[in-house]
Amino acid sequence: PLHSPLSRRRGTVLTDTMVDGTTLLSITATIPQINSFGLQAELAKKSSGEVTAPELGSSHWGVLSEDPFWIPTSLEEREEYGEIEGSGDCSTGVGNTALGYIRMVRERKGLMVEIEGSGD
């Protein structure tokens, strides 16, 4: 039951072992920091309060291979992802994790967030 919140937040479970002599389960996983907000509350809810204090620490960083402002230009790309109408932050956003992160940060800071296809 604890793996689903991690995988939903783009986490990867590295180890999953029982602690000798106890009923405790030790899970080591990596999760993007931006997806870790609210993780403790979700784990406590999923485990009916059994998970009380997950230890979170920074281990490394990585660059996303996606271009958040990619716009389909070829006929094949436009057929697959659709036409773009609008300006500014005008990517399709279809499956674009980098653009999703940018929009989450903009929304959290109270900045304008353009929703794909709205043309705002």
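The chain contains four helices and two strands, assigned as DSSP runs (helices H or I, at least four residues; strands E, at least two) and numbered from the N terminus. From the N terminus on, these elements follow the order α-β-β-α-α-α. The model is predicted: local features need pLDDT of at least 70, side-chain atom pairs count only at pLDDT 80 or more, and totals for chains, interfaces and linings use all residues. Residues are numbered from 1 along each chain as its sequence is written, and side-chain values use heavy atoms, with hydrogens and water left out.

Of the 120 residues in the chain, 20% are buried (buried, under 20% relative accessible area; exposed, over 50%; partly exposed in between; 1.4 Å probe, protein chains only). The accessible surface of the chain is about 8700 Å², and carbon and sulfur atoms account for 54% of that surface (Shrake-Rupley method, 1.4 Å probe; for residues, only the protein chains shown count as cover). Contacts are defined by heavy atoms within 4.5 Å. Among contacts between residues at least 6 apart in sequence, 40% join residues at least 24 apart.

Helix α2 spans residues 39-46, and L39, E42 and L43 are buried in this helix. These three residues lie on the same side of α2, because they cover an arc of only 100° around the axis, the arc being that of the directions from the helix axis to the C-beta atoms. An α-helix has 3.6 residues a turn, so residues three or four places apart point the same way. The buried residues of α2 pack against α1 (3-8). On the other side of α2, A41 and K45 are exposed. S48 follows α2 and has a positive phi, near 55°.
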